[in-house]
Amino acid sequence: MNRNPQLNKHGELQHLLTTEGLPVSILLHILDTAESFAGVTEREVKKIPLLRGKSVFNLFFESSTRTRTTFEIAAKRLSADVINLNIAASAQSKGETLLDTVNNLSAMHADMFVVRHLQSGAAHMIASHVRPEIHVINAGDGRHAHPTQALLDMFTIRRYKKDFHNLRVAIVGDILHSRVARSQIHALTTLGVPEVRVIAPKTLLPSKVERLGVRVYHDMVQGLKDIDVLIMLRLQNERMLGASLPSAEEYFKYYGLTQEKLSLAKQDAIVMHPGPMNRGVEIDSAVADGKQSVILSQVTFGIAVRMAVMSILAGN
Amino acid sequence: MKIHIKNGRLIDPKNGIDAAADLYIATGKIVAVDIIPAGFQDCRVIDATGLIVCPGLVDLSARLREPGLEYKATLESELEAAAAGGITSLACPPDTDPPLDEPGLVEMLKHRTKNLDKVHVYPVGALTQKLKGERLTEMAELHDAGCVAFSHADASLANLHVLMQAMQYASTFGFSVWLRPQEASLTNNGVAHDGEIAARLGLPPIPVCAETIALSNIIYLARETGVKVHLCRISSAEGVAMVRTAKQQGLPVTCDVAINHVHLSEMDIGFFDTNCHLVPPLRSLRDRDALCTGLIDGTIDAICSDHAPVDEDAKLLPFGQAEAGSTGLELLLSLAFKWAETINIPLIEALSKVTLAPARILNIDGGHLTPGAPADICIFDPEEYWKVTALTIKSQGKNTPFLGRELPGRVKFTLIDGNIVYES
């Protein structure tokens with residue numbers, strides 16, 4: 001297991017499990033391919049036949065609306081057959097193991113699995129046990145990775161900022177529990193962003209987060225200075241139930257994004273959020289709906305990026 | 001049966017011997033080293049040319065999974081594995097199902113192992129009933145039944161008042177208490193060292209202070225109660241430093257480390273290798289180096305296999321859900337040997353950590369080759385490499401971070417009480 005399990009022996013993408021360790025050429029290839037698909041989604045007839053006859057299984061062991069839907073739309077626009085499985089409510093609750101579930105579905109001649117699971121490493125484990133002709137896309141595993149989200153964020157950043165090499169990007173919020181943040185950090189550093197900051201109270205940061213190549217801030221006033229791209233993370237309510245945070249109100253006061261705090265960043269800074277948003281907790285409505293927000297564009301681009309990933313995998 | 005082991009390289013840490021010497025065995029005992037006793041007639045000659053002859057290994061922690069967990073392993077499978085690994089004595093922790101908290105269970109275990117006529121098994125009794133951390137077990141009765149010490153295995157003992165009373169009670173009878181320092185409330189649901197790898201892979205972390213805070217509690221309570229304490233599976237640099245200080249202050253503590261932790265670090269988790277899901281977690285490279293230093297300077301007395309056979313399905317799960325533990329009986333010798341080579345220390349010192357030192361902690365007559373001692377002996381080929389695979393491992397548990405690797409040091413013979421119990 002020392003070899004990067006995402007790449008085949010020719011160095012091509014076999015699975016998409018994490019943005020970590022992917023060469024910049026593959027990241028750019030995905031973004032460029034997505035660029036060509038972005039047009040398709042605006043056409044009258046939105047289908048192209050790249051995945052005709054292929055079966056894509058959406059395997060969601062954890063509930064999701066947006067990610068599952070955009071994967072489904074992406075697969076259908078590529079003319080694939082899409083089977084949605086909400087496993088949280090089916091076999092696993094009857095005691096079937098994860099690998100048994102996957103093996104059963106492989107026996108139904110799946111070509112691609114899109115997997116979401118609440119445990120870090122679930123997608124890696126599935127990828128290491130499926131037949132070599134099957135491709136696995138990680139749609140979120142525990143706190144570990146959510147690579148297509150990070151890629152669509154990179155796509156969005158490139159659309160608005162053109163070049164990665166002169167940007168300062170800040171990720172604000174619950175880094176500790178966020179698979180999105182981890183995938184964004186790896187993608188940003190690989191694509192050459194010179195300064196990635198994380199801004200959060202210490203209870204929401206992994207203890208060795210600086211080893212991921214980021215600068216750590218605990219204060220929004222300092223952290224947002226000269227920032228080009230602001231990524232706000234969703235704060236889960238359960239953080240307030242444990243001892244991570246005292247209250248949503250205090251969090252909003254110190255780490256929520258308001259118009260006032262946004263003014264500390266560069267004038268043309270863009271505001272992103274992977275969704276779903278907690279208005280009034282991590283982001284004020286005026287900012288979420290304001291002119292610097294590109295949050296809805298992220299969702300639209302998500303389809304093109306997922307089409308790009310699926311078509312590249314199917315071609316390898 | 002009389003046995004003459006000839007032409008071997010004899011390594012006996014207790015007597016400081018590392019030299020070519022023959023060994024003579026009769027009526028289950030070592031009768032002479034190097035010089036043939038008068039009137040000794042061979043029944044069996046073992047030609048140990050090119051081989052190392054050392055005391056049989058003594059393992060301070062090997063889960064045999066009986067009673068109750070036979071789907072993971074059985075006494076038959078694990079004692080055979082132990083013999084194949086050159087181990088002649090082992091201590092088994094009380095975390096069976098039910099736990100070893102009643103004399104009847106211990107007597108049954110002793111009886112079963114005796115009938116198998118292989119490795120000497122020394123049960124470690126439960127410190128509290130059902131390992132729940134509430135009520136004390138009948139330690140004196142358990143001792144009479146065969147328990148050599150009392151521990152809480154990996155179960156949490158949150159109530160410090162109970163721990164203190166357990167220590168006081170054990171110390172009344174002069175029993176040792178074996179404890180693995182880990183504060184459960186800080187371990188939380190953690191599965192990996194709170195470091196770079198946990199940060200990268202998004203694995204729930206276990207901070208070092210989960211070990212040091214528990215260690216601090218244990219050390220203060222040991223001082224208060226005067227009980228003999230053995231600290232199990234130390235994992236961090238800070239933990240080693242605390243044990244070093246406690247020993248310097250003259251506290252009656254001993255300490256062991258698991259062999260995996262001597263070789264590996266969090267880095268070995270790689271892409272979620274569940275065979276590296278261990279308890280305590282593999283920590284940083286700095287911690288691993290401190291464990292090695294602690295072994296060399298004597299802060300850490302012994303190395304154990306921390307053998308924990310896990311059934312295959314329990315490892316075929318995402319990292320956080322996979323069962324912790326690794327098989328180790330058959331790897332202990334090879335890995336101790338490899339450790340000596342890697343950090344370039346005399347083999348006699350490394351072997352001492354898996355023979356003499358653990359025998360002293362167990363307070364048994366073993367781990368040495370003095371004439372008169374039981375003939376518990378391991379003979380191995382230092383030049384032969386073997387590949388760790390599901391087929392080469394006899395233990396029912398095939399789970400180890402070293403799966404697929406080639407290791408040096410192949411056991412050729414294992415003798416217990418003068419009987420050849422393993423021969424390859």
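**Entry 1: a helix pair in chain A**

I began with helix H1 (residues 24-38) of chain A and helix H5 (residues 147-161) of chain A, whose axes come within 10 Å and cross at roughly 70°. I am working with a predicted model here. Angles of 65 to 115 degrees count as roughly perpendicular, so I noted H1(A) and H5(A) as roughly perpendicular to each other. I also checked the hand, and H1(A) passes H5(A) in a right-handed crossing.

Which residues meet where H1(A) and H5(A) touch? On the H1(A) side I found A:Ile30, A:Leu31 and A:Ala34, and they meet A:Leu151, A:Met154, A:Phe155 and A:Arg158 in H5(A). By class I wrote down six nonpolar residues, no polar ones and one charged residue for this contact.

**Entry 2: the nonpolar core**

Next I looked up the largest nonpolar core, which has 238 residues. The residues with the most contacts inside this core are A:Val172, A:Leu230, B:Phe150, B:Val177 and B:Ala336. Helix H12 (residues 295-315) of chain A gives the most to the core, with 10 residues.

**Entry 3: where the chains meet**

How many residues of chain B are in contact with chain A? I got 21 residues of chain B, in contact with 25 residues of chain A. Helix H6 (residues 196-201) of chain B supplies the largest share of the chain B side, five residues. I sorted that side of chain B by class too, and it divides into 11 nonpolar, five polar and five charged residues.

Key. Residues are numbered from 1 along each chain as its sequence is written. Chains are lettered from A and ligands numbered from 1 in the order in which they are written. This is a predicted model: local features need pLDDT of at least 70, side-chain atom pairs count only at pLDDT 80 or more; totals for chains, interfaces and linings use all residues. Axes are lines fitted to C-alpha atoms, for helices over the stretch in contact, and angles run from 0 to 180 degrees between N-to-C directions. Helices (H or I, at least four residues) and strands (E, at least two) are DSSP runs, numbered from the N terminus. Angles under 35 degrees count as roughly parallel, over 145 as roughly antiparallel, 65 to 115 as roughly perpendicular and the rest as oblique. A crossing is left-handed if the near helix is turned anticlockwise from the far one by less than a right angle, and right-handed if clockwise. Two residues are in contact if their C-beta atoms, placed from the backbone, lie within 7 Å. Ala, Val, Leu, Ile, Met, Phe, Trp, Tyr, Cys and Pro count as nonpolar, Asp, Glu, Lys and Arg as charged, and the others, Gly among them, as polar. A nonpolar core is a set of buried Ala, Val, Leu, Ile, Met, Phe, Trp, Tyr and Cys residues joined through C-beta atoms within 7 Å. A residue is buried if 20 or more other C-beta atoms lie within 10 Å of its own, exposed if 12 or fewer, and partly exposed in between; C-beta atoms are placed from the backbone.
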